[in-house]
Structures are given as structure tokens and as C-alpha cells.
Number of protein chains: 2
Amino acid sequence: MTLFKSFEVHLFGGSFHLPLPLIVNVIISTGAYFVGLNLIPKMKAMFLAANLSGTDMNKVSKPKIPEAFGVVTGCIFLISLFLFIPVPFVGNFSNGDKEEFPHHKFVEFIAAMLSICCMILLGFADDVLNLRWRDKLYLPTIASLPLLMVYYTNFNSTTIILPKIVQPFVGTSIDIGFLYYVYMGMLAVFCTNAINILAGINGLEVCQSLVIAGSIIVFNLVEILSGHCREAYEFSLYIMLPYAGATLALWKYNRYPSQVFVGDTFNYLSGMTFAVVGILGHFSKTVLLFFIPQIINFIYSVPQLFRFIPCPRHRLPKHDPKSDLLNYSKTQFRVSELNILGKLCYMVFKHARLIRCEESEDGVVTCNNFTIINFAILLTGPIREDRLNRLLIVFQLICSVFAFTIRYPLAHYFYEY
Amino acid sequence: MTLFKSFEVHLFGGSFHLPLPLIVNVIISTGAYFVGLNLIPKMKAMFLAANLSGTDMNKVSKPKIPEAFGVVTGCIFLISLFLFIPVPFVGNFSNGDKEEFPHHKFVEFIAAMLSICCMILLGFADDVLNLRWRDKLYLPTIASLPLLMVYYTNFNSTTIILPKIVQPFVGTSIDIGFLYYVYMGMLAVFCTNAINILAGINGLEVCQSLVIAGSIIVFNLVEILSGHCREAYEFSLYIMLPYAGATLALWKYNRYPSQVFVGDTFNYLSGMTFAVVGILGHFSKTVLLFFIPQIINFIYSVPQLFRFIPCPRHRLPKHDPKSDLLNYSKTQFRVSELNILGKLCYMVFKHARLIRCEESEDGVVTCNNFTIINFAILLTGPIREDRLNRLLIVFQLICSVFAFTIRYPLAHYFYEY
């Protein structure tokens with residue numbers, strides 16, 4: 001393995017070892033950024049001509065914006081990975097010893113790309129063809145199959161280490177077998193859809209994905225510098241950096257006011273990329289830690305997602321053309337018409353002051369839609385779209401800091417190392 | 001390796017050894033056929049709603065037909081492969097000996113799927129976004145990168161065996177090194193585009209692909225039964241059978257009169273699949289033999305493809321609404337305005353009677369477009385669309401028989417085994 005071939009760099013009086021593939025990867029990722037920066041504006045007309053466009057409802061002029069640009073970012077990201085794959089294996093080629101070629105490492109890269117490529121294809125098909133809601137659930141499962149296969153052949157470790165607190169009762173670890181694969185398959189479904197439901201204002205999907213990607217990159221660097229399981233974290237880094245490069249270019253055009261929309265393609269692509277590095281890098285629990293806002297949003301959304309409370313087709317904030325501010329969007333229902341779970345959710349959420357509701361004389365309840373975007377507006381009052389986005393991203397950043405706090409100092413209380 | 005695990009089957013008084021993965025593969029391929037049969041009609045409305053449609057110019061009523069159904073076939077094909085991958089490796093899982101797992105074989109399947117998936121994605125993007133002509137040339141090159149990587153790591157044999165006739169001069173074989181990779185990259189470009197330019201009448205792309213796929217399957221079976229390089233041919237068979245299953249379902253709806261169009265997606269997908277099995281199965285020359293009609297069409301098209309002779313945007317036959325027959329389509333030019341190569345092509349083609357041209361008094365030449373579809377109409381006179389398709393497919397079949405003749409009896413004269 002030449003994954004560890006490194007260059008010594010003298011900087012700030014200290015010396016660091018930079019692996020050669022990392023340098024190449026950074027160059028390719030920078031390239032991906034500039035290609036995206038250059039390519040995206042050129043493709044706007046093509047997307048509009050293909051009828052791939054949506055109306056930006058949160059603007060006074062209601063402009064028509066080209067949609068599904070995630071596919072451009074996805075292709076740039078994929079091609080960057082294609083160009084990068086040979087690099088970590090260069091040493092293995094030149095020594096001419098076929099037996100030593102680390103096929104098991106190589107297959108990880110290829111399977112990671114296959115899952116990501118498959119997800120881009122399915123996401124783009126969804127954007128173009130408007131697939132049904134339930135397709136969104138099983139498509140990521142399909143795309144994660146090659147990944148699970150590689151996990152099975154390379155590791156097949158289905159043992160989870162238990163927190164100290166339960167160790168006296170059930171031992172230090174437990175082998176959950178097949179359930180571990182179900183967990184990993186569901187991780188892919190969760191990551192893709194969690195980003196998809198925390199969306200709807202300019203730049204939010206891309207921004208949150210960048211924060212998550214940044215957190216994973218920092219986490220990987222910290223782990224590599226502390227010498228832990230270097231190979232797995234390098235693998236993750238080699239995938240996350242080109243992703244971050246390509247996505248940063250997309251953010252330039254998707255940020256408020258959006259010139260392009262990213263489409264489901266981008267959310268699928270991002271979720272799958274995070275799931276891929278989490279699974280093959282063996283830090284899926286840590287990846288989930290960086291998804292705290294998405295998890296909160298998902299739990300908060302459950303009453304509407306599972307239709308205990310009526311859910312309108314779109315739950316994005318409502319734009320007020322007079323003030324150009326966003327207000328929370330609402331749903332209406334009669335408490336008497338809810339099922340038992342709906343009534344329970346309504347009572348709990350109402351008493352915990354998680355929703356704001358008004359009941360009219362004839363018993364119709366009007367309350368905000370159950371997303372943290374609307375909840376943020378509850379707290380701030382009507383707000384400008386870019387400020388709302390900034391607020392939610394600051395929340396995402398705070399959650400990432402919190403995640404690192406859990407991962408490092410607190411984890412030692414719960415787990416032994 | 002359990003690729004060879006087999007069942008003994010007694011049939012017609014003889015006994016055959018059927019490998020277990022082959023049985024599973026046949027079942028999955030049959031499933032792919034029925035899923036396609038069921039799914040395609042259901043998705044027509046979805047494609048029409050997404051504005052993915054084209055006008056069938058060769059019908060009196062000029063109906064609007066949903067377009068780009070290759071993506072449906074492609075997804076069915078991919079998912080079939082996803083479900084199949086674990087099967088040939090089942091024995092390797094259960095013995096629990098990690099060291100013995102044939103990662104180098106496994107990576108072939110994954111890389112094959114990555115190339116195919118990538119090609120479906122790019123093909124579908126092309127259908128939706130109408131990419132430029134030159135993109136069609138470099139997209140297949142990109143999609144074939146993972147394949148070439150795997151070829152490099154698994155085989156890296158760049159030696160070609162020379163025909164007996166030149167052996168006294170340059171030896172039995174020659175290592176063409178890097179050029180071999182250029183050849184394989186170009187094979188992918190050729191296979192995808194060769195099918196793309198022999199198209200335009202109902203069912204022709206799908207039918208010719210089925211004949212090529214059938215020829216490859218027969219070739220693989222013959223080689224497996226004669227005990228040659230079994231693994232490589234089994235690999236090919238495991239990919240070609242689900243392809244044939246999924247494509248056969250598409251043909252049911254794409255045959256005259258077409259209910260759906262296949263789009264560039266299908267041509268890309270098919271070309272890449274043939275290139276993949278040719279490259280990783282080590283029989284790329286034989287695959288090219290099954291492309292004789294496409295090669296003839298390509299060579300015949302060269303004057304127009306390279307713009308020596310003016311080339312209209314579409315070269316499909318011209319439909320006569322009165323008789324409902326197809327006539328050859330035409331191009332017009334002045335000989336004096338052609339460049340030197342154009343003049344040369346014109347003179348050679350005219351004297352070889354490969355084109356039919358009329359020269360008006362003011363020097364304007366009107367002649368048929370340079371495709372074998374138009375050439376076939378030159379021979380038959382105005383013809384019904386389904387008959388023309390049948391004629392071209394019979395030609396494809398004859399060429400396949402000819403290919404087998406070259407591959408088996410004749411090859412022994414030129415090559416030693």
C-alpha cells in the first residue's frame with residue numbers, strides 16, 4: 001500500500017507529513033470547484049430549454065429558475081473521483097507485483113462511486129420524471145446495495161460496542177448480524193431524505209451539506225493526525241474533498257438570490273456521499289452526529305410525514321410580497337377529525353410550545369407546519385430569506401460543535417478506547 | 001472460487017453441467033423481462049408529462065411518442081445486476097476465509113456496473129438536455145475510465161497476437177502498451193456511437209442490439225462448452241443475459257409501430273455494455289466482428305460525418321404520407337463547392353454506384369444521404385417501415401453468421417491457437 005507515501009512539509013516551524021495522494025486530491029478538488037464555477041452559468045439556458053425549471057416563490061418577481069443543477073455538480077464530482085482513483089495505487093502499479101495489488105481497497109472506491117453514480121441517476125430521473133413519494137424511500141436502498149456488498153466482503157463486522165452503562169448486563173459488545181445491514185441501508189435512506197425535507201429556501205440544502213461535509217473533513221483530519229485507523233479516514237477524505245469542491249461552486253449560484261436550483265438530485269447525491277463515507281470509513285455513528293438538525297427536523301416533522309396531522313404538499317415558508325419577508329406556513333385541521341396519534345401529537349406539541357396554533361369558534365385549528373424552518377420563524381417573527389438561511393446554518397454549525405463535544409470528551413465517559 | 005459450482009442436468013439423454021449462478025442469472029433475466037413488460041406502459045404518461053417526447057415522422061398521423069425509455073430499461077438492467085452480483089461469490093462468503101475472497105473478480109463486476117451506470121446517467125442527461133455533438137464523443141471515454149483501471153490492475157496485458165502472415169517479419173506478438181488503452185477507450189466511443197448513427201426507424205436500434213447481444217451470448221456459450229477461458233466468458237454471459245431480458249421487453253413496445261422511443265440513453269447503454277464485456281471478457285475483436293453492419297454504415301457515413309459532403313441535421317428516410325412508404329432522404333450540394341476530400345469521396349462513391357445522384361443544369365447535385373438505411377431503400381425502392389427494419393435486421397443476422405465464420409474456421413488460417 002502506498003496510501004501512506006508522504007511528503008514532509010516544513011511550515012510554521014513544525015514539520016507535517018502530507019501524503020502524495022492528498023496533495024493530488026486537493027488539486028483535483030480545486031479543479032472541480034473552478035470547473036463548476038465556469039460550467040454552471042453556461043448550462044442555465046440548456047436547463048431552461050429542457051423545461052427543467054421552477055418558480056422561486058419567495059421572491060416578489062416570482063422568477064423562473066433552472067432546476068436540478070445537482071446533476072452538473074454530481075457529474076463534476078464523479079469525474080473528479082474517476083481521475084483520482086488511480087492515484088493512491090500508483091506505487092502498487094509500478095512494483096509490478098500483481099499479488100500485492102490491494103484489490104479490497106480498490107473495490108471500496110469503485111463501489112463508493114457506483115453507489116453515488118446510481119444515486120445521481122435515480123435523483124435526476126426523479127427530478128425529470130417526478131417519481132412518486134414512496135420511490136424516494138426505496139431508490140436509496142437500491143443504490144446502497146453495492147456498498148453493503150463491499151462492506152460484507154471487506155469487513156462484515158456487525159458487532160457494535162456497547163456503552164459502559166449497559167456493559168455489566170449484556171457484555172462489552174453485541175453482534176447484531178443482519179440487522180447491521182438493515183441499519184446501513186436505512187442510513188442511506190435517512191441521509192438522503194433528511195436533507196430533502198430540510199429544504200425550500202435559497203441555498204439551504206447546499207449550505208447544510210457543506211457544513212456536514214466540512215465537519216466530516218475536520219473529523220477525518222483530526223483522526224488522521226492522531227494516528228487512528230488512518231486508511232479509513234483517508235478514504236473518506238479523498239471522497240469528501242472533491243465533493244466539497246464541486247458543491248462550493250454550486251453554492252455560489254444557489255445562494256440567495258438563487259440563480260439555479262439544485263433539485264432532488266443534489267440531496268440524493270449528498271446524502272449518499274455522507275452514507276458512503278460513514279459506512280466504508282466505519283464512522284456512521286459520527287456521521288449521524290453531524291445530522292443533529294436534520295434529525296431534530298425529522299422528529300419534529302413525524303406527525304405530518306406520517307399523516308397524523310394533515311400535511312400540505314409544500315411546507316415552505318410563505319412569502320409576503322408587500323414586506324418581502326417570509327412568514328411561517330400553516331396547516332388546518334379539526335382536532336375531532338384526527339386519529340388517536342394525531343390527537344396525542346397535537347396535545348404534546350401544543351403544551352411543549354413547539355407549535356403555535358389558533359382555534360376558531362367552529363373548531364378549526366390553524367397551526368404552523370412542522371418543520372424547523374417554520375419553527376425558526378416562530379421564534380424570530382417574519383424574516384428575510386437570506387437571514388433565515390443564515391440562522392439555520394448557524395444552528396447547523398452549533399450542532400456540529402456540539403457533535404464534536406459528544407464525539408470527543410463525552411464519548412470517553414460512555415465508551416472505553 | 002465457486003464460479004464453477006454446477007448442477008448436473010439430464011436432458012435429451014445427455015448430461016450437462018449448469019453452474020448455479022447461471023440458473024439464478026437466467027431467473028433474474030426473465031424477471032427483468034417481465035418487470036420491463038409491466039413497467040414501460042405504466043411510465044408513458046410520466047414521460048409525456050415531463051416533456052420527454054418526440055414526433056414519429058414516419059407515420060401518417062405524426063403521433064407524439066414518449067422518448068428516452070432507454071433509462072427505464074437501463075435501471076431495470078442495473079438493478080438486475082445489483083441483485084445478481086452476490087450470487088457467484090456465495091461460496092466465498094460462507095467459507096469465512098477472508099484471504100481467499102476473489103476481490104479481483106468482484107471488482108470487475110462493480111467496475112462494469114459503474115461504467116454502465118455512468119453511461120446511462122450521461123445518456124439520459126443527453127436526452128433531457130440535448131448536449132452538443134462533441135460531448136457524445138468524450139462522454140463514453142469518461143465512462144470507460146473505471147473499466148480501463150480495472151483492466152490495468154487485473155490484466156494489463158497490452159500484447160496483441162499478430163496474424164501468421166506478418167509473423168516472419170515482426171514476431172508472433174507485439175506489445176503496443178499505452179496504445180492498447182487508447183484502443184479500448186475508443187472501442188467504447190465506437191460502440192456507443194455506431195449504434196447511434198444506425199437508427200431512425202421504429203425498432204432498429206433495439207433490434208440490432210438484440211442481434212449483437214444474442215451473437216455474444218451464443219459465442220460465450222460455445223466458448224464455455226469448449227472449455228476455453230471459462231471465467232471470462234461466464235462474466236460476459238452474466239452481464240449479457242439480464243441486458244437481453246430487459247431489452248427484449250423494450251423491444252415489445254419499441255417495435256413497429258413504436259409506442260415508446262428509446263432515446264440516446266439506450267444506444268449509449270447498449271454500446272457500453274458490449275464494450276464492457278468485450279474488454280473485461282478479452283474478446284473485444286470478436287465483439288467488433290458482430291458490429292460489421294455498424295462498421296459498414298460508419299465507413300459509408302464518413303463523408304457526411306466529417307462534413308466532406310454537406311450533412312443535414314437528420315438523415316432518416318423520408319416518409320411519403322400518400323403511400324405510407326419510406327423513400328431515401330437527400331442532400332444537395334455543388335461539386336465545385338466541395339473541398340478536395342469531398343470531391344474525391346463523391347467521385348469514388350458515384351463510380352462505385354454506392355450513391356444515386358442527379359445533377360441539375362445549374363450544377364446542383366442531389367443525392368441520397370450516406371447511411372445504409374438509405375442505401376437499402378436505393379436497392380428496394382420505396383418500402384414500408386417495418387419491412388425496411390426487417391431487411392436491415394436480416395442483414396445484421398447474416399453479418400453475425402459471417403462473423404462466426406471468420407471467428408471460427410477462418411481465424412485458424414490467420415492465427416495459431
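## Briefing on a predicted two-chain model

At 27% relative accessibility, Arg230(B) counts as partly exposed, and its salt-bridge partner in this predicted model is Glu234(B), with the closest N and O atoms 3.2 Å apart. Glu234(B), by contrast, is buried, with a relative accessible area of 2%. A search of the whole structure finds 16 salt bridges over all chains, yet the count between chain A and chain B is zero.

**Relation of the two chains**

- The same surface serves both copies, since 100% of the contact residues of chain A recur in chain B.

**The interface between chain A and chain B**

- On the two sides of the interface, 47 residues of chain A are in contact with 47 residues of chain B.
- The size of an interface is often given as the accessible area lost when the parts come together.
- Between chain A and chain B the buried area is about 4000 Å², and carbon and sulfur atoms give 87% of that area.
- Within chain A, the residues that lose the most area to chain B are Phe82(A), Leu121(A) and Leu129(A), which together account for 16% of what that side buries.
- Two residue pairs are found in polar contact across the interface, both at pLDDT 80 or more, while the number of salt bridges between the two chains is zero.
- Helix 1 (20-49), helix 2 (70-84), helix 4 (103-129), helix 5 (135-143) and helix 6 (145-154) of chain A each supply at least two residues of the side that touches chain B, and helix 4 gives the most, with 17 residues.
- By residue class, the side of chain A that touches chain B divides into 39 nonpolar, seven polar and one charged.

**Salt bridges within the chains**

- In chain B, Arg230(B) and Glu234(B) both lie in helix 10, four residues apart, which is about one turn of the helix.
- In chain A, Asp386(A) meets Arg384(A) in a salt bridge of 2.7 Å, N to O, and Asp386(A) also meets Arg390(A) in a salt bridge of 3.8 Å, N to O.
- Arg390(A) and Asp386(A) share helix 16 (residues 385-414) of chain A, where they stand four residues apart, about one turn of the helix.
- Asp386(A) is buried, with a relative accessible area of 12%, whereas Arg384(A) counts as partly exposed at 35% relative accessibility and Arg390(A) as exposed at 51%.
- Elsewhere in chain A, a network of salt bridges links Asp56(A), Lys59(A) and Glu385(A).

- Phe333(A), found in strand 9 (residues 330-334) of chain A, counts as buried because its relative accessibility is 6%.
- Although Phe333(A) and Cys367(A) are 34 residues apart in sequence, their C-alpha atoms are 8.7 Å apart in space, and the contacts of Phe333(A) beyond four places in sequence include Ile309(A), Pro310(A), Tyr346(A) and Cys367(A).
- Val262(B), in the loop between helix 10 (230-254) and helix 11 (263-280) of chain B, counts as buried because its relative accessibility is 3%.
- Val262(B) and Ala68(B) are 194 residues apart in sequence and 4.7 Å apart in space, C-alpha to C-alpha; among the residues that Val262(B) touches, not counting those up to four places away in sequence, are Ala68(B), Phe69(B), Asp127(B), Glu205(B) and Leu250(B).

Note on methods:
Residues are numbered from 1 along each chain as its sequence is written. Chains are lettered from A and ligands numbered from 1 in the order in which they are written. This is a predicted model: local features need pLDDT of at least 70, side-chain atom pairs count only at pLDDT 80 or more; totals for chains, interfaces and linings use all residues. Side-chain values use heavy atoms; hydrogens and water are left out. Contact means heavy atoms within 4.5 Å. Buried area is the accessible area (1.4 Å probe) that two parts lose on being put together, summed over both. A salt bridge is a side-chain nitrogen of Lys or Arg within 4 Å of a carboxyl oxygen of Asp or Glu. A polar contact is a pair of N or O atoms within 3.5 Å; within protein, one must be able to donate a hydrogen and the other to accept it, and residues adjacent in sequence count only if both atoms are side-chain atoms. Ala, Val, Leu, Ile, Met, Phe, Trp, Tyr, Cys and Pro count as nonpolar, Asp, Glu, Lys and Arg as charged, and the others, Gly among them, as polar. Buried means under 20% relative accessible area, exposed over 50%, partly exposed in between (1.4 Å probe, protein chains only).
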